[in-house]
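Please look at the sequence and the model first.

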Amino acid sequence: MYGPTDLKKNTLVTIDGQPYKVVEYSQKVMGRGGSIVNVKVKNLITGALLPKTFKGQEKIEPAEVTTKKVQYLYNDGEKFYFMDPESFEQYELQKDMVGESKDFMKEGDEMEIQFYNGTPINLVLPKNLWLKVTYTETAVKGDTTSSVMKDATLETGVVVKVPAFIKEGDIVSVDTDTYEYRERKK
């Protein structure tokens, strides 16, 4: 069982017999040690967003979810197709279930799908991914400090801010939650 303060972003919980993922979290500490936790949760079956408030010592049930490693195959605009590399079983996820994860996916990549009662409900990307820079402006000579940021298009088509010294062809690590540049591959 979870307490309200255990609920962080991406935590999976069961509410009214349905699996939910925490998408926003904020905590308000009240006087005398009490606290209120406000979360926004997404129903992993229907996709509905729901605001919830938990107080003090309430108990929240974790969602019984299984996870399988899969390989991303392709998408047809509406559905994304994945394959279990061991059993070769294929799974399809709707576009809205994949969400913003599509910004970091390329064919052949390994990721995980979470299942609830045998039904695929959620796609999980690695926290950080290495991607190649396919386009970025050339830095102005003398303006190569790491505090100056510029746009860079990565091989998946997503645009992120990178330091001025990054150039086309560099491989960079990007945080898949925040879209932030982490480091350049040496």
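The points below cover aromatic rings, charges over rings and backbone angles.

This is a predicted model, in which local features need pLDDT of at least 70, side-chain atom pairs count only at pLDDT 80 or more, and totals for chains, interfaces and linings use all residues. Residues are numbered from 1 along each chain as its sequence is written, and side-chain values use heavy atoms, with hydrogens and water left out.

**Aromatic rings**
- The structure holds five aromatic pairs (Phe, Tyr or six-membered Trp rings with centres within 6.5 Å; planes under 30 degrees apart are stacked, over 60 edge-to-face, the rest tilted).
- One of them joins Y72 and F82 in a tilted arrangement, 5.5 Å centre to centre with 45° between the planes.
- This pair links distant parts of the chain, with Y72 in strand β6 (residues 66–75) and F82 in strand β7, 10 residues apart (strands are DSSP runs of E, at least two residues, numbered from the N terminus).
- Y72 is buried at 5% relative accessible area, and F82 is buried at 0% (buried is under 20%, exposed over 50%, partly exposed in between, with a 1.4 Å probe and protein chains only).
- Y72, F80 and F82 form one aromatic cluster.

**Charges over rings**
- K68 lies over the face of F115, 5.5 Å from the ring centre (NZ of Lys or CZ of Arg within 6 Å of the centre and within 35 degrees of the ring normal).
- The charged end of K185 sits over the ring of W130, 5.2 Å from its centre.

**Backbone angles**
- Most residues other than glycine have a negative phi.
- N10, in the segment before β1 (12–15), has a positive phi near 75° and is partly exposed at 36% relative accessible area.
- F88, in the loop between β7 (79–83) and β8 (90–94), has a positive phi near 65° and is exposed at 57%.

Conventions
Helices (H or I, at least four residues) and strands (E, at least two) are DSSP runs, numbered from the N terminus.
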